[in-house]
Amino acid sequence: MELELYGADEKLYGKLDQEDALLGSYPVDDGCRIHVIDHSGACLGEYEDVSKVEKYQISQEAYDQRQDTVRSFLKRSKLGRYNEEERAQQEAETTQRLEEEKAQASAIPVGSRCEVRAPGQPSRRGIVMYVGLTDFKPGYWIGVRFDEPLGKNDGSVNGKRYFECQPKYGAFFKPSVVTVGDFPEEDYGLDEM
């Protein structure tokens, strides 16, 4: 490669060809630019297609036999997924949380009026349209059709329909933030927009 120093007026100040010289030893000033001339023969975009790059691969069995890997360190230290006690405790907590959500969700009948009080959001009212498990996230979820366009979707998430409503009228919440009761419709005045 060749390096050339150009001034702010695009005038060539000289070549940067002294290997042991620091940049400050050249007349570099504000507005200067360094122009690089590549003589290696490399083509633009030559390394963008990674399928042409030869990759080193090791079998799982050979990797497991090595002692200087992250996996062997985690196994020796009983960390992460190699800590059986921690994994069993996490699975127990997940199962307990799922059972609690199931119990809360079973107390919320589809078609009921409800109020949603999610943390950090104003309370909103609507009708329960869906109760159960979903494909988009684990656990039990409550699908709500709001009285006003205060939601995120139309009752579908990632292409799967859970209930029908107009766009921006539907949303999903955990059972803990949904309260069923005699909540009359509130008029937020958003339909006039």
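Predicted model: local features only at pLDDT ≥ 70, side-chain atom pairs only at ≥ 80, totals over all residues.

Which residue in E2 stands opposite Glu-4? In E2, Lys-15 stands opposite Glu-4. Residues are numbered from 1 along each chain as its sequence is written, and side-chain values use heavy atoms, leaving out hydrogens and water.

Let me turn to the sheet. An open sheet is formed by 3 strands in the order E2-E1-E3, with antiparallel pairing; strands are DSSP runs (E, at least two residues) numbered from the N terminus, and two of them pair if DSSP finds at least two bridges between them. Strand E2 (12-15) and strand E3 (33-37) each have a single partner strand, so one side of each lacks a neighbour in the sheet. Strand E1 (residues 2-6) is joined to E2 by 3 bridges.

Ile-34 belongs to strand E3. With a relative accessible area of 41%, Ile-34 is partly exposed, a term that lies between buried (under 20%) and exposed (over 50%), using a 1.4 Å probe and protein chains only.

Finally, Thr-179 lies in strand E10 (residues 178-180). Thr-179 is likewise partly exposed, at 38% relative accessible area. Leaving aside neighbours within four places in sequence, Thr-179 is in contact with Arg-113, Cys-114 and Glu-115, where contact means heavy atoms within 4.5 Å. From C-alpha to C-alpha, Thr-179 and Gln-121 are 15 Å apart in space, and 58 residues apart in sequence.

Key:
Helix = DSSP H or I, 4+ residues; strand = E, 2+ residues; numbered from the N terminus.
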